[in-house]
Each structure stands twice: as structure tokens, then as C-alpha cells.
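Please look at the sequence and the 3D structure below before reading on.

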Amino acid sequence: MEKLEKLLSNHFEEHEIYEEENEYKSIAFESNKLKEISIKQSKGFAVRAIKESGLTFSSSSNYDLEKFGSNFIQLSEYPTKTSIKFPKDLQNKNKAKIYSEEEFLIDNNFFIDKLNKNIKKILDKFPDALCDAEFDLGKGKSFLKNSNGLSLESKESGISFFISAQIINGNDMLNIYNYTSSVKNIEDIEIDNLTNKLIENLSVAQNIKQTPQKGCPVIFTPHGLYQTILAPLLVSFNGTNLSKNLSKLSNRENEEIFDKKITIIDNPLIDFSTSSRNYDGEGISSKLNELIKNGKFISGIFDLKTASEYNCKSTGSASRSVHSNTFPGISNLIMSTGETKINKMIQQIDEGILVDHLLGAGQGNELSGDFSANISLGYKIEKGKIVGRVKNTMISGNSFDALRNVDSISKENEIVYGSLELPYLQTSNVEISS
Amino acid sequence: MQKNYKNIMQESLDFKNAEYKEIRIEETVSTRINYNGKSRENVSINSHFGGSARSMSKGGWGFTSFNEIDLAPSKMKESIELANFSQNSAFEIHKNHPQKVALPAEVKKDPRKISLSEKINLLEHYKELILNDKRIQGCEIIYGDTERKVVFADSDGNEIEQNFIHVILRVAANSSDGNEMLQSGFSIGSLGDFSIVENLDNKVLECAEKSIGLIKAPKITGQETTVILDQILAGVFVHEAFGHLSEADNVYENKRLQEILKLGEKFGNSDLNITDGAKIPNLRGSYEYDDEGTPSTKTPLIREGILVGRLHSKETASKLGEKPTGNARSISYAYPPIVRMTNTIIENSNNTKEDIIKDTKDGLYVKNWYGGMTEHEMFTFSSAETYKIENGEIKETLRPVKLSGNLFTTLKNIDGIADDLEINQGGGCGKGGQSPLPVSNGSPHIRINNCLVSSG
């Protein structure tokens with residue numbers, strides 16, 4: 001690497017080298033049986049260099065550095081315009097815990113037994129079910145070094161547990177899954193809870209019920225809330241779209257755009273949460289960012305490039321993998337809870353839907369906040385109780401409209417997708433069709 | 001096979017304690033050029049080099065991947081140790097007739113011979129064409145070409161080297177109605193032919209015009225209606241609605257699903273014929289050997305409405321007692337091969353597009369695509385263009401729609417298939433975390449009754 005650094009110093013005003021070494025292990029069951037154990041090791045590096053306000057980027061897992069260097073110099077004839085400068089030092093020395101090695105020391109049989117035990121629990125109740133289940137473990141090291149003196153090394157780790165069950169009845173295929181992840185080993189009680197919940201959901205979902213009429217009340221589970229409403233909404237918070245004036249939120253900071261009940265933050269500094277980071281992909285200290293406060297749009301998320309284009313400061317949100325240039329990405333998203341217990345919210349509904357999983361979300365005009373998808377798992381609420389599942393039903397609407405008038409937000413929250421802490425939410429501004 | 005790989009690969013295959021072993025070494029170099037809005041956002045060259053070892057013992061699999069090729073033998077040993085954790089019963093895996101071949105890439109106009117500046121100039125030109133129209137808010141252009149060399153060897157004696165060159169381009173124009181951003185775009189691709197991204201001025205201008213056309217277009221409300229799909233969207237439909245369930249890894253361990261998807265069952269009307277095959281030449285899903293070294297085929301899946309075949313890896317074919325079809329594919333050395341589609345098509349029937357439209361009293365003409373997804377028997381896919389059909393005529397432009405259906409009813413609801421098959425190569429497929437895999441889809445215009453449609 002020293003030779004490469006020298007070459008870069010000779011040709012460019014500033015440069016940055018990012019290097020990553022990762023190891024992933026996966027223990028996967030398919031159709032109730034152990035299917036495959038895999039161990040993937042990967043290593044690679046990426047270089048960014050700046051000359052005369054032009055940035056060049058290239059990455060490789062091929063350590064033929066001489067060839068890489070000469071190709072890089074050629075590539076630098078076609079830079080992209082930039083006004084960024086690489087940071088000199090970390091502003092804050094954050095100390096969120098993002099690494100633990102213990103799970104990699106555990107014997108494979110330990111995980112195999114755990115997966116077997118949880119699948120058996122489902123099969124005891126539903127002998128015809130076919131279960132897939134998986135433990136995924138990952139650990140990695142990253143190095144970030146730039147010509148302005150920054151030199152950082154970080155270790156990260158993660159473990160996740162996934163379990164799903166499929167039950168076929170006539171031509172109806174019911175498939176439900178649950179998932180959790182952490183930086184360190186997942187407690188047995190958490191895994192038990194996930195499997196128990198899966199069994200509970202399978203029992204209710206056996207009954208297929210008629211989809212309620214258009215205009216019925218709709219509650220989103222934390223998972224459904226992210227998939228349906230928040231994922232398309234976050235596209236508008238992304239610095240890339242804000243800086244290009246493609247976002248509906250561009251230059252509307254401090255405007256009250258959402259219901260007063262909505263407050264959302266992005267907090268990368270939570271101990272042992274899978275999306276935590278102490279500094280971002282270009283060496284900017286991570287910090288808590290308020291996105292929406294009591295309905296007011298506060299800030300988007302930015303890396304150095306998008307911040308310079310939007311005339312603001314980086315929010316320390318640069319995500320990167322070794323083979324991509326940086327881009328703004330969220331970490332641990334947290335939506336504030338409300339006043340009503342979820343049981344109470346359900347009890348108050350005469351006829352409605354609880355939306356949990358969607359199929360085909362995120363494949364439309366996301367910049368507008370529009371969403372439209374098939375409800376792959378949605379529960380029917382009748383007279384204040386969950387009585388079964390709806391099928392062949394679509395949901396559509398617009399995230400901005402859905403969060404402009406929110407009926408209620410639950411007191412409870414759940415962690416979904418490993419690092420998003422979200423409540424249940426009821427809104428009427430969505431359309432159901434079947 | 002390259003000499004320097006040969007010894008190390010052979011050494012890796014010498015280990016005992018596994019019924020089947022395979023090793024892959026792969027090298028790729030990709031060029032990417034992106035525009036977003038007025039500016040060029042990225043010009044990059046990324047290269048990958050790595051390998052993987054996979055083995056099977058007692059019906060269980062072990063897989064390892066690595067970047068340091070010298071480690072291959074020890075990584076094979078590790079994969080065998082992982083496979084031996086299996087508590088399953090052994091099965092006889094299908095053996096290919098061993099092949100020793102080295103195949104060059106199919107090339108028409110080689111993107112590697114086009115300089116970076118020529119590529120950039122061409123894309124700059126398309127960008128200017130779009131942004132010249134002051135009603136346009138922005139544009140998005142993504143160009144990519146990838147050179148991929150894969151060397152494969154297995155314990156059955158196969159030694160296969162294959163080379164591929166892929167070219168892709170997506171062009172999209174954004175407009176705004178003052179409140180919402182609207183986008184119209186197109187995606188194209190080819191196996192080894194740069195000329196498909198040349199001479200696209202008319203198509204690019206049309207894309208800008210369509211984006212502006214969306215400004216005044218109304219949204220529809222959710223409804224069940226008759227839809228006529230153009231060739232591109234019908235291609236996405238066949239991929240999502242039927243293709244994924246024809247992948248035998250859904251079925252091979254699932255007795256109930258085997259009963260439902262029994263060969264000989266009727267799934268569509270008598271003019272419905274569906275085929276998948278990497279053997280169909282010169283498409284993005286074309287190859288001679290899959291990533292398990294099985295020769296590619298052309299597999300009839302539906303003949304005259306009857307299910308007649310499915311797509312296999314070595315394992316699924318062995319376990320179901322059917323012939324392998326050469327559909328085991330992996331997106332790179334870092335992943336094990338799984339059952340995937342290649343080039344999937346609905347074949348021509350004898351109606352004309354004009355007759356099908358004329359025969360439709362009330363419905364939607366849906367064209368082009370944003371995306372699609374499948375979960376078991378349910379699927380959704382989305383159009384990029386939508387028009388109202390009234391009394392047999394195409395009328396006003398509407399906002400794009402999402403279509404949703406169920407395998408068991410929707411295929412039977414196809415009641416018109418035209419004679420104008422076209423193949424789209426602009427898409428990629430995702431499954432099991434491996435995305436985007438190069439595939440192509442094709443179809444003539446088709447009409448589907450009672451399709452659930454909503455705006456978005």
C-alpha cells in the first residue's frame with residue numbers, strides 16, 4: 001500500500017484509502033433440515049483522490065497494486081466535480097459498542113441445536129409446516145486513512161437469527177417469518193419470543209377472511225409501518241435527493257409537514273445495535289440527527305458530497321461498502337411512541353386491517369412518497385379482535401399524506417430490521433382494494 | 001483453463017470425505033458511469049478477483065469463499081468439514097458427462113475497445129437531449145459494462161472456462177407537477193454488444209416527452225380490470241407470475257407443493273406456451289454451462305396451458321428424478337449457485353395486438369416496467385406507462401400502476417396472446433440475496449382479465 005500512497009501523493013492534492021476485511025458465517029436450515037454451512041471471507045480496498053476539484057473513485061479485491069495505480073491515474077482524466085475536503089481528525093471520539101467476538105468462538109453444533117429446537121417447537125404445533133431458519137454471523141475490520149492525517153481502524157460484528165414457516169392449504173400458501181439481529185450474541189429468551197410469536201401468528205392466519213370495505217381503519221405493525229410508509233418517505237430525507245432538488249422536502253426545513261405526533265430521530269450511537277457506528281465511511285464523527293420533530297421537518301441525512309451541494313454540514317451519515325462510493329444512509333431509526341396501548345387501538349376498531357408484510361413495496365415512484373403493494377401478510381380486525389388474515393388485497397397511498405393525519409400511535413415499540421425502533425401506527429389516509 | 005489455476009484447483013479437488021466437490025475462480029472488471037441531474041456523479045472501474053469451494057456430504061453442503069487464491073485447497077478442506085455437520089440422508093447427485101472446454105466471450109461490438117471518453121461523450125449527449133427541454137427537472141443515466149471470466153472444475157472431471165461481457169443502460173427523465181416528481185425511463189442490455197447503447201436519440205427524446213406527459217395524467221383508484229400488457233411488461237409478468245414458481249428449489253423438499261405444481265396439471269388456456277433457456281443464444285441470460293458445469297438447455301415449462309417442466313440444479317433434478325436443465329447460477333464467486341431463470345418467454349400465438357385492443361371495451365394498456373416481485377403464489381409488478389382503453393381504442397395517459405395477482409387464477413385469466421414477441425434485456429433478477437443476475441424476459445402483447453390494479 002505504501003507504494004500506492006506515494007503514487008497518489010504525487011498525482012493528487014488529497015487522497016483517501018479505505019480497506020475492509022470481513023468474515024461471514026451462515027448456518028442455514030431449509031425445509032426443516034440443515035442445508036448448508038458457509039464461511040465467506042472477503043478483502044478489498046477503495047481509493048478516492050481529488051485534484052483541481054475533481055474526484056476519482058475506484059475499488060478492487062485484486063491486490064495487483066501496480067496495475068491498479070496506473071489504471072487509477074488514467075481514470076482520473078474523467079473525474080466528477082467536487083468541493084469536498086477529507087477530514088483531518090475525528091471531532092468526537094464516540095465510544096458506542098459495536099464489536100464483540102464471542103459468537104465466532106461458539107461451536108457450530110450449538111447453533112444447529114438451537115435451530116433444530118426452534119423448528120421442532122413449530123412442528124409440534126403445525127406438523128405439516130416447512131421451516132427455514134438461519135443464524136448469520138459476521139465480523140470485520142475496516143481501515144480509513146487519508147492524506148490529511150486521518151487514520152482510523154474499526155472492528156464491527158453482528159449476529160442475526162431468522163425463522164420462517166410455510167403452511168399450504170389447498171392453493172393457499174401461507175408464509176410467515178421473524179428476524180432479529182444484534183452486535184453480540186442474541187439471548188435465548190429473545191429467540192423463544194420470536195418463535196412463539198410466529199406460532200401465534202400462524203394460528204390466527206389460518207383463517208382467511210374477507211377484505212373490509214374501502215375506507216376502513218388501517219393499523220400498521222412496526223414492520224408494516226417501515227415497509228409501507230417509512231421506506232418511501234426516507235428517500236426524500238436522503239441528501240442526494242435533497243441536494244438535487246428532487247425531494248419534496250428540499251429547502252423546507254422547519255416547516256410543519258407531518259402530524260404533530262410524529263417525531264423521528266436517527267441515532268448511530270446505541271450500544272450493540274447492528275447499524276451503530278462511531279464515525280461514518282469518510283471519517284466524520286457520528287451523531288444523533290433529528291429528522292422530524294413534532295411534525296416539523298428538521299434535517300435530512302448527508303455525507304460530505306451531498307452536504308457541500310446542499311450547503312450544509314455532513315450529518316456523519318456516509319455509508320459505504322468497499323466497492324461503492326459513499327452515499328448517505330440511515331443507522332438506527334427511532335420513531336417516538338404515542339399514548340394508546342396497541343390492544344386498545346385494536347379494541348376500538350369495528351372492522352379494519354392490521355398490515356404486517358408487503359409484497360412489491362418500493363417499486364414505484366418513491367420520490368413522490370407514493371406506495372402501492374400487495375399485502376402479503378395482513379390481519380383482519382373484527383369487533384376489536386384479530387380474527388384472521390386477508391388475501392389478494394392491495395394497499396396504496398402516499399407516505400406524506402399518511403403521516404399528515406395520524407389517528408394514533410401505540411405506547412409500545414418493537415425493533416424491526418435489526419435496528420429500527422418503531423411503534424404501531426393508525427392512519428386513515430391509505431386505500432385498500434381487493 | 002489457465003495453467004496457473006489448474007494445479008491449485010486440482011489440488012483442491014483431491015480431498016476425501018465428500019461425495020461431490022466443485023471449485024470456481026472468477027475475475028471481473030466493471031466500468032460504471034452515472035449521471036444524476038445535470039452532473040456526472042460517478043465514473044469508476046471496479047475489479048473483483050476471488051474463488052469459492054463447495055462440497056456435499058450426506059446430503060448437506062459446505063461453502064467457502066475467499067480472495068486469496070492460494071488458500072483454495074485449505075478452503076476446500078474447510079468446506080468439506082462444514083458439509084459433514086449434516087445429519088441428513090445421502091442422495092446420489094447427478095453426474096455430467098465431463099467436459100474440458102474454454103469458451104471465449106460472445107462479442108459483437110466490444111465495449112472494452114470503446115474508450116472511456118467515447119462512452120462519456122455519448123452519455124453527455126443523451127443527458128443534454130433530455131435537459132434541453134426546460135420542462136424537465138432532472139435526469140438519471142446509468143451505464144455499465146462488465147467483463148467476467150469464470151473457471152470451474154468439479155470432482156466429476158469437468159474443467160470449464162467461460163467468458164462473458166455484459167452491457168446495460170438505464171435512462172430516465174424526471175418532471176414535476178409542482179408537487180410530485182414523475183419519472184419515465186427505459187432499461188436495455190446486451191451480451192457483448194456496445195452498439196445497443198448507440199443511436200438512441202429518438203428513444204431518449206421520447207422518454208423526456210413521456211415524463212412531461214405524466215404531469216397532467218390522473219391517478220386511478222384500486223380496481224379489478226382488464227389489462228393489455230406490452231411485450232416488456234408481459235415479460236416481467238411471466239418472470240414474476242410463473243417463472244419463480246417453476247424453479248425446482250421451491251418444490252424439491254415440499255411434498256404439498258409438488259402435488260399442486262404437478263407436471264401435467266392445467267395452468268393456462270391452450271394458446272399459452274412458456275419456455276426458459278440459457279441455450280437460446282445471444283441474450284443476457286445465455287450461456288453454454290451453468291455454475292455447476294451442467295450444459296444449458298431450452299426448457300419448455302408450459303405447453304398448451306399444461307405444466308410440462310421446471311428449472312433445475314444438480315441437486316433438485318437428482319432429488320425429483322428429473323433431468324438437470326442447467327439453471328444453477330450464482331451472481332459471483334462469493335455465492336453458491338441456486339436455481340435461477342435465464343431467458344424466459346411467452347411464445348407467440350396468432351392474434352394481432354390491434355385485434356386484442358379493438359376487442360377490449362374497457363380496461364388499461366400498460367407498458368414498460370419499474371419492477372416486480374414474487375412470494376409463492378402471489379406476485380406484483382409495476383408499469384412505467386399506463387393508458388386508458390375505451391371501446392377498443394387507446395385513450396388518455398394515466399399515472400403508472402401496480403398490478404397484483406395470484407398464479408392459480410391470473411395465468412388462466414390470460415385470454416389473448418398476440419404474435420409480436422419481443423425480448424427485453426434491461427432487467428436483472430434478485431433471489432436469496434443474489435442481485436442483479438443478468439436475465440432476459442420476452443413475450444408478445446397479452447391481455448389479462450380481472451387483474452387487481454392500483455395506482456403507484
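## Basis of the model

This is a predicted model, in which local features need pLDDT of at least 70, side-chain atom pairs count only at pLDDT 80 or more, and totals for chains, interfaces and linings use all residues. Residues are numbered from 1 along each chain as its sequence is written, while chains are lettered from A and ligands numbered from 1 in the order in which they are written.

## Where the chains meet

In chain B, 64 residues are in contact with 53 residues of chain A (contact: C-beta atoms, placed from the backbone, within 7 Å). On the chain B side, strand β2 (residues 39-57) gives the most, with 12 residues (strands are DSSP runs of E, at least two residues, and helices are runs of H or I, at least four, numbered from the N terminus). That side of chain B has 22 nonpolar, 33 polar and nine charged residues (nonpolar: Ala, Val, Leu, Ile, Met, Phe, Trp, Tyr, Cys and Pro; charged: Asp, Glu, Lys and Arg; polar: the others, Gly among them).

β2(B) also runs parallel to strand β3 (residues 54-60) of chain A, joined by four bridges (two strands pair if DSSP finds at least two bridges between them). S60(A) has S47(B) as its bridge partner.

## A sheet in chain B

Six strands of chain B form an open sheet with mixed pairing, in the order β11-β10-β9-β14-β23-β20. β11 (306-307) and β20 (422-424) are the edge strands, each pairing on one side only. Three bridges link β20(B) to β23 (residues 440-443) of chain B in the antiparallel sense, and N424(B) has N441(B) as its bridge partner.

Helix α5 (residues 231-243) of chain B packs on this sheet, touching β9 (274-277), β14 (343-346), β20 and β23 of chain B. The direction of α5 makes about 110° with that of β23(B) (axes are lines fitted to C-alpha atoms, for helices over the stretch in contact, and angles run from 0 to 180 degrees between N-to-C directions).

Conventions: Two residues are in contact if their C-beta atoms, placed from the backbone, lie within 7 Å.
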